[in-house]
Amino acid sequence: MLVSSSQRLIFSTPEAVANAVADLIIKVVQEKPSATLGLATGGTMEPVYARLVTAFKHGEISFSAVTSFNLDEYAELPPEHPGSYRSTMNALLFDHVDIDKSRTFLPEANGSEPDKSGARYEDMIAAAGGIDLQLLGIGRNGHIGFNEPGSARDSRTRLVNLHTDTLEANARFFADRPVPRSAMTMGIGTIMSARKIALVATGASKTDAIHRATQGGFQADCPASALQDHGQVTWFLDTAAAGLQRAA
Ligand code: GLP
């Protein structure tokens, strides 16, 4: 029998959400310094990484034995481009802490054989012992990683096309060119294999996605709803994303 320890934590501000998520990461790494972390990008994660950098500077956490795997990476973009998730992770976290960059991995999105690159990423995660804690944001359309609506529940790391809504939502990260139209992403099945998951959502633009993700069982038009079947998910929400009125 699966005993679920999933829970929903609701905070009054996005800052409080970010602090609580960072505190969880700090705890996981303090308990297991060689933890394997699944990392995510997106504006929601920026204050989480800022808090982790501060915690590192104060000696509260060391990443020296940590291995990380990011959820996804854009195709059609060199890793050096500022909009790539490699550049984003370097700028927000990796350049400011003691992580060994040779143990920070993102999917290889520009290879000539994407199927093989995807399978290799899965093998690398397995060889690292699986993911101890997977961080997740959520798209306005309910995507997790870049698993857009319609993604199979057992999908694994693969090349995908991005939906128009995602291209629109992410345009703010690209000043000099359009958002790439495809990306390599861990699958829903890959994400579900993580031992623990922290899904983070803030702001009213996520209310509908959170509503659909947290009730009614799995629906293919809301990939995040698969998480209802994972027994170790913590939903870190602010009152807006949770659909509650903020107290006056
Ligand atoms: C991108 C990422 C997702 C992330 C989502 C939400 O599409 N691939 O992993 O969850 O954005 O981003 P934001 O936090 O900016 O709303």
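Author: Strands here are DSSP runs of E with at least two residues, numbered from the N terminus, and two of them pair if DSSP finds at least two bridges between them. The model is a predicted one, in which local features need pLDDT of at least 70 and side-chain atom pairs count only at pLDDT 80 or more, while totals for chains, interfaces and linings use all residues. Residues are numbered from 1 along each chain as its sequence is written, and side-chain values use heavy atoms, with hydrogens and water left out.

The open sheet consists of 3 strands in the order S4-S8-S7, with antiparallel pairing. Strand S4 (72-74) and strand S7 (158-161) are its edges, each pairing on one side only. S7 and strand S8 (residues 182-185) are joined in the antiparallel sense over 4 bridges, and Arg-158 has Thr-185 in S8 as its bridge partner.

Among the polar contacts, that is, pairs of N or O atoms within 3.5 Å, a ligand oxygen atom lies 2.4 Å from an N or O atom in the side chain of Thr-44, and a ligand oxygen atom is 3.2 Å from an N or O atom in the side chain of Asn-170. A nitrogen atom of the ligand, in turn, is 3.3 Å from a polar backbone atom of Gly-145.

Methods
Polar contact = N/O pair within 3.5 Å; in protein donor to acceptor, adjacent residues only side chain to side chain.
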